[in-house]
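Please open the model in the viewer and keep the selection panel at hand.

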Amino acid sequence: MTIIHHADDATLMGYAAGTLSEALSSVVASHVTVCPRCRAEVARMERIGAVMMAALPGAALLAPPPRTPDRDTVMTDEGDHVLAAIDRGGDIPAPLSRLVGSDLSSVQWKRLGFGVWHVPLALSPGAPGDLRLIKVAPGQAMPEHGHGGSELSLILAGSYTDKIGRFGVGDVADLDDEVEHKPVADRVTGCICVIASEQKAQFKGLFARIVQPFVGL
Amino acid sequence: MADLLQQVAVHRDVDAFRQLFQTYAPRVKSYMMRQGADPNTAEELAQETLLTVWRKAALYSGEKGSATTWIFTIARNLRIDRLRKEFPWQELPEGHDETASSDILPDEAVSEAERANKVQTALASLPEDQHVVVSLSYIEGLSHSEIAERLNLPLGTVKSRMRLAYQKIREAVEDLK
């Protein structure tokens, strides 16, 4: 996998600081597991947070240190499944497998309109934004559209091309509301991606046009 | 601090843990309060952060990263989980450090303390407008959109200040090589 398109530094900083919404974070987390470059950037950005936290004047504690639990409760490696899942070559990055299972062939797609399928993914109750898988048939063009806020897409299979370039597996499209594009899925493979948007309503206009392609185009 | 963490990790040293606790818990509490937690909740979350350090210390390798960064990420994830009630997607550093530290942080020969010093100095020398957005993000926990609203700036300006600040800090750390 050769990754060409990365998340923006500002996006990665929001992720490292822990201020990115759950939807956007899930896409960054998925990209970061497959992208050594962004993983390293996030590590550097986390260091900034650590330095800032360490420089805060301490707040007085009311209670004494807690009694340390027994050895029995020592945790070993909860985190290793993440890399292990990637090494297994599954096509869904490990963070997302919590929501969609471990490979794309088992996904239950819902048809949205001509050549487009989707699966909305569950976020925590009250979490803002929207997260979903999108599958676009080979050669299918999406209507030209803008974005009502930040939007992050990670390509999971196939590729698409728009005026920015070609986006293949592992690439992230980090779009803000100033970008308008008209992505076209690869003629042979089509394209499957996971898309997170900052606001729930962002997709609605686009989806309405996919469902009823002759209205409003 | 990394040494204390090693003591905790390898020897389950309770005294070392108490020292870590006394160093970090007040700062984590402070961090949680700045992120909007009331003092009692902030203290609970600080306790829980340090207890997580105790429980997971065996996963931490002092050669790979900074104890402070590890503790920050634990605190950050706990904040997302408890204060924002959202799922924290971020793995703690040990989860992917194997490749991250050896391949990517090329400044291996330099000690983590030196790097942290450089970050500290670079932060202090940032132009005020950049320092503010970085602080609002990391310490107050505001999203870029919330920062834009708070400062009455376009979102793009907030993002570009974040990027500029990061580039300066990154260069300062790379100069160590």
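Select Leu12(A) and display its contacts, a contact being a pair of residues whose C-beta atoms, placed from the backbone, lie within 7 Å. Leaving aside residues up to four places away in sequence, Leu12(A) touches Ala7(A), Val28(A), Cys38(A), Glu41(A), Val42(A) and Met45(A). This is a predicted model, in which local features need pLDDT of at least 70 and side-chain atom pairs count only at pLDDT 80 or more, while totals for chains, interfaces and linings use all residues. Residues are numbered from 1 along each chain as its sequence is written, and chains are lettered from A and ligands numbered from 1 in the order in which they are written.

Helices here are DSSP runs of H or I with at least four residues, strands are runs of E with at least two, and both are numbered from the N terminus.

Within chain B, select helix H2 (residues 14-34). Its 21 residues reach 29 Å from first C-alpha to last, close to the 30 Å expected at 1.5 Å times one less than the number of residues. Where does the kink in H2(B) lie? It is at Tyr24(B), shortly before the proline Pro26(B), and amounts to about 35°; the bend is the angle between axes fitted to the seven residues ending there and the seven starting there. Tyr24(B) is also buried, as are other residues of H2(B), including Phe17(B), Leu20(B) and Met32(B). The cover over these buried residues includes H3 of chain A, together with H1 (2-11), H3 (39-56) and H4 (67-82) of chain B. After H2(B) comes Gly36(B), with a positive phi near 105°.

Finally, return to chain A and select the open sheet of three strands, ordered E6-E5-E8 with antiparallel pairing; strands pair if DSSP finds at least two bridges between them. Strands E6 (165-167) and E8 (184-185) of chain A stand at the edges with a single partner strand each, so one side of each has no neighbour in the sheet. Three bridges join E5(A) (residues 160-162) to E6(A), where Gly165(A) is the bridge partner of Asp162(A).

Terms used
Contact = placed C-beta atoms within 7 Å. Buried ≥ 20, exposed ≤ 12 C-beta atoms within 10 Å, placed from the backbone.
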